[in-house]
Amino acid sequence: MATLANAAAAPARRETEWSLAVAGATLLIFLIAAPFVLYPVFIMKALCFALFACAFNLLIGYVGLVSFGHALYFGWAGYLAAHAAKVWGMPPELAVLIGTITGMGLGLIAGVVAIRRQGIYFAMITLALAQMMYLVALRVKLTGGEDGIQGVPRGRLFGVFDLSDQMTMYAFVVVVALAAFFLIYRIINSPFGEVLKAVRENEQRAVSLGYKTDDYKLVAFVLSATLAGLAGSLKALVFQLASLTDVHWTMSGEVVLMTLVGGLGTIFGPIVGAFLIVAMENYLAPFGQWVLVIQGAVFVICVLAFRRGIVGELAARLRVQL
Amino acid sequence: MFEIFGIPSQALFGQLLLGLINGSFYALLSLGLAVIFGMLNIINFTHGAQYMMGAFAAFLLLRYAGIGYWPALVIVPIVVGVTGVVIERLFLKRIQKLDHLYGLILTFGLALIIEGLFRNSYGSSGQPYGVPESLQGGRNLGFMFLPNYRAWVIAFSLAVCFVTWFAIERTRLGSYLRAATENPALVRAFGINVPRMVTLTYGFGVGLAGLAGVMAAPIYNVSPQMGSDIIIVVFAVVVIGGMGSIMGAIITGFALGIVEGLTKVFFPEASNTVIFVIMIIVLLIRPAGLFGRSA
Amino acid sequence: MRLAASLAFAAAAVFGTAAQAEDINVRLGVLNDMSSLYADISGPGSVIAAKMAVEDFNPAAHGMKVEIVSADHQNKPDVGSNIARQWFDVDHVDAILDVPTSSVALAVSEVAREKNKVFLISGAASSDLTGPKCTPNNVHWTYDTWMLAHGTGGALVKTGGDTWFFLTADYAFGHALERDTTSVVQAAGGKILGAVDHPLNTQDFSSFLLQAQASKAKIIGLANAGGDTINAIKQGAEFGITAGGQQFAGLLVFVTDVNALGLKTAQGLVLTETWYWDMNDANRAWTKRWQAERQGGKFPSMVVAGVYSATLHYLKAVAALKSAADGKAVVNQMKAMPTDDPLFGKGYIRTDGRKIHPAYLFQVKKPEESKYPGDDYILRATIPAEEAFRPMKDDNCPMVTN
């Protein structure tokens with residue numbers, strides 16, 4: 001029976017790391033050139049979502065766990081980062097740090113509860129936990145409910161760089177995002193990452209080899225939540241707004257969509273998926289409600305006919321690792 | 001009018017009644033999910049959208065064909081059930097061999113499509129659907145005011161749940177179904193058309209969702225989001241009850257509705273999260289769920 | 001698509017300038033709820049009103065070209081502020097109009113201030129927009145929560161409604177309305193027995209209504225609007241609330257809500273509006289024109305009329321300045337010029353951005369009193385312009401105290 005793992009697995013050979021280097025260089029060049037052609041806010045938004053999707057992919061593509069409630073970490077980290085910047089008057093680097101730590105903490109709590117079950121139950125539990133925290137966000141004063149936290153100051157990075165300048169903010173987001181992508185790459189290709197892949201392929205075997213798989217899964221979960229929190233904090237500063245949309249279940253669905261379209265278990269898949277989906281939503285914005293329908297259709301098509309996603313297909317055809 | 005724990009009886013029993021109503025819907029929907037999961041091993045995320053379709057179908061029947069509540073109660077589940085059969089044939093059969101999580105993602109996608117289409121046509125605020133004439137008004141029982149329609153909803157849900165449970169657990173058809181869940185190959189060898197049973201079971205489960213939708217229309221207003229709002233709560237109900245048993249799904253649904261109602265009286269701020277909190281507690285103490293067999 | 005449109009617009013601007021040196025290009029953006037609970041109050045109707053204003057202004061005669069774009073903010077602050085940002089940064093929009101839903105309006109207001117563009121508020125109600133959150137780029141047209149509280153709230157307290165229970169939409173608008181009405185009730189010696197918040201766009205009010213019933217307050221104040229108000233009143237009937245002697249106070253009710261409820265359910269409701277389609281011949285004529293485009297048997301709300309009035313005055317100010325580029329300058333010009341249009345008559349805009357005009361206390365007719373569709377209101381009192389809105393000294397607006 002085909003598992004999520006089989007769909008994700010691409011030939012992983014050491015000698016094809018050049019493909020990763022090429023892809024990485026392409027990304028870098030794109031990010032440097034793009035703001036002069038495209039709207040910088042659009043790219044920053046796509047980068048935040050790309051990071052969010054990569055964090056999600058860590059869990060689904062490399063551990064095989066589908067979290068349907070990842071918006072929980074993304075959104076709440078955004079709230080805390082916004083609150084830190086606006087109410088506590090913290091500089092942006094600390095605000096982002098606080099948001100990221102929020103993601104980590106929430107990931108730990110959620111992970112402890114959710115890891116107890118497998119497969120479908122795990123997915124349902126993550127969804128339910130996220131919904132619970134959405135309902136909390138609706139009522140609690142901290143989040144501002146429907147109003148959200150508005151007018152979040154971007155501040156001066158390290159007291160030196162004024163982030164209210166569009167290009168400075170852009171540079172900040174690019175640097176943080178690239179660093180995070182690289183971190184994820186290192187995690188996946190470390191001994192720890194190898195154990196995760198082993199758990200994904202055959203958990204029983206990993207257990208019989210003496211690995212405490214639950215612990216590994218939990219660590220992966222927390223890592224994923226932390227990085228999702230980083231993405232959420234960045235987004236709150238880019239848009240100077242933290243709102244309910246970021247903790248709603250549709251946001252959780254979007255990140256699944258981005259990763260699926262881009263390619264589960266590939267490094268660049270989620271990045272491509274994020275850019276594509278953000279661009280699509282931008283294009284469709286005047287047509288308001290069709291966004292939901294098209295997202296749903298893409299889900300269905302991907303599951304039926306396109307499970308490897310764009311980058312996954314590309315990697316398989318070219319027989320390289322991406 | 002008297003007071004209990006400092007709360008006027010009218011408020012207490014009123015909220016309990018509302019809780020029982022919510023519980024009826026939780027029970028009906030988690031019953032449908034349990035039936036579908038039992039046969040197909042798929043978590044039908046589309047269930048919420050199908051519930052919403054049921055409500056809309058009732059609304060559309062009334063507006064464009066002048067067909068009222070009572071005929072709708074019969075027509076709509078069949079219509080929605082048929083759409084379920086189409087979905088099963090077109091989509092679910094193809095991914096049978098894949099990891100079950102793809103089923104979740106696929107049905108999630110279908111749910112988005114359905115909700116999006118309805119939102120496009122009808123906007124995202126509610127359409128009105130009146131309480132049927134014969135059930136309008138209510139009785140003042142002294143300690144509370146009981147609207148007739150809501151009393152009907154509770155009674156009818158209990159009846160439907162009981163009939164479904166009886167059909168599955170006590171009739172021969174039900175025993176074929178249960179056997180096919182355990183060992184489809186063997187049951188097929190006995191000459192029973194298992195794929196057709198699977199399709200019909202999905203259709204039935206979806207029909208239950210549609211029925212719940214019709215019943216919900218006069219109470220909750222007919223809006224495209226009504227499905228997604230309720231389905232996540234129902235997932236929590238299902239995790240608490242455990243997917244194993246039909247009776248478990250029914251009892252958990254009603255019980256949680258009542259708990260929610262009571263929370264509204266004593267801790268109103270916590271009322272919409274109490275079910276999730278209970279889910280967390282149950283997961284920590286008894287991961288398989290209250291009525292579930294160990295996964 | 002956006003890029004192409006912008007390029008086309010830019011090209012037109014360049015070539016246009018070459019041909020006619022004086023042509024000023026203005027783009028207006030109508031941002032509101034096109035698909036949810038406030039769609040009938042504003043929605044496509046506001047876009048039509050803006051178009052009518054542009055027609056009546058006759059841009060060609062002033063050497064101007066005016067374009068209108070529109071979008072749905074779905075009542076979400078992030079969607080609204082993103083659209084506003086994109087409109088200002090990429091699409092050369094000079095002024096944003098309408099924006100019902102105060103949480104979105106507050107977010108858009110920040111963006112407009114940051115980009116030095118103009119924000120003409122017609123749909124949103126929160127009196128904070130001319131209070132602590134006032135900006136030099138805002139003009140708050142049509143109405144606000146202070147006016148509603150003193151109009152409807154004041155009238156009800158005078159007729160004996162001295163105990164209140166609030167059903168409040170849980171966001172900026174609901175809280176502002178509850179706060180402003182509370183101070184009116186308490187100043188008149190009344191008591192607030194309790195309040196409960198409900199999420200925006202709630203479909204099922206039963207549990208909130210039960211709480212209101214249990215409180216035994218004489219007046220159940222509905223600090224919400226649109227679909228929420230309609231649902232609360234309808235479901236109140238199901239629970240026998242009015243039969244039990246309690247009265248609903250629709251703190252913000254529009255003629256579109258009364259139509260949706262039907263006169264049988266809505267009769268007797270007291271409400272405050274600043275414009276009613278059937279008040280005089282000019283309004284009736286305008287409404288006929290509007291309905292020809294809008295279709296569907298709908299009636300224009302005061303929000304829609306406000307969009308028309310605001311657009312007209314804005315364009316006059318731009319014509320006087322011969323440029324739309326500096327938002328603050330245009331708004332100052334709007335404040336310097338007295339307003340005059342067929343719908344709101346003569347009025348003016350205060351330093352804090354508050355547009356001043358009279359308010360009217362209406363009561364909904366009984367079904368037998370209504371002679372034709374839309375004949376919904378009896379005029380009970382006129383509140384003169386000077387009394388209708390909050391005095392500037394009570395604003396807490398940073399622009400005023402300086």
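A residue is called buried when its relative accessible area is under 20%, exposed when that area is over 50%, and partly exposed in between (1.4 Å probe, protein chains only), while helices (H or I, at least four residues) are DSSP runs numbered from the N terminus. The model is predicted, so that local features need pLDDT of at least 70 and side-chain atom pairs count only at pLDDT 80 or more, whereas totals for chains, interfaces and linings use all residues. Residues are numbered from 1 along each chain as its sequence is written, chains are lettered from A in the order in which they are written, and side-chain values use heavy atoms, with hydrogens and water left out.

In chain C, 11 of the 13 residues of helix 3 are buried, so this helix is largely enclosed by the rest of the structure. Among the buried residues of helix 3 of chain C are C:V79, C:I83, C:W87 and C:F88, together with C:D78 and C:R85. At 1.5 Å a residue, helix 3 of chain C (residues 77–89) should span 18 Å, the expected span being 1.5 Å times one less than the number of residues; its end C-alpha atoms are 18 Å apart, which agrees.

Between chain B and chain A, contact (heavy atoms within 4.5 Å) involves 45 residues of chain B and 41 residues of chain A. The buried area, which is the accessible area (1.4 Å probe) that two parts lose on being put together, summed over both, is about 4,300 Å² for this pair of chains, and carbon and sulfur atoms give 81% of it. On the chain B side, B:L101, B:Y102 and B:I105 lose the most area to chain A, together 16% of what that side buries. The count between chain B and chain A is 0 salt bridges, a salt bridge being a side-chain nitrogen of Lys or Arg within 4 Å of a carboxyl oxygen of Asp or Glu. Helix 4 (100–122), helix 9 (226–241) and helix 11 (274–285) of chain B each give two or more residues to the side that touches chain A, and helix 4 of chain B gives the most, with 16 residues.

Chain A also meets chain C, in a contact that takes 18 residues from chain A and 24 residues from chain C. About 1,900 Å² is buried between chain A and chain C, 47% of it on carbon and sulfur atoms. The count here is 1 salt bridge, in which A:R139 pairs with C:D170, the closest N and O atoms being 3.9 Å apart.
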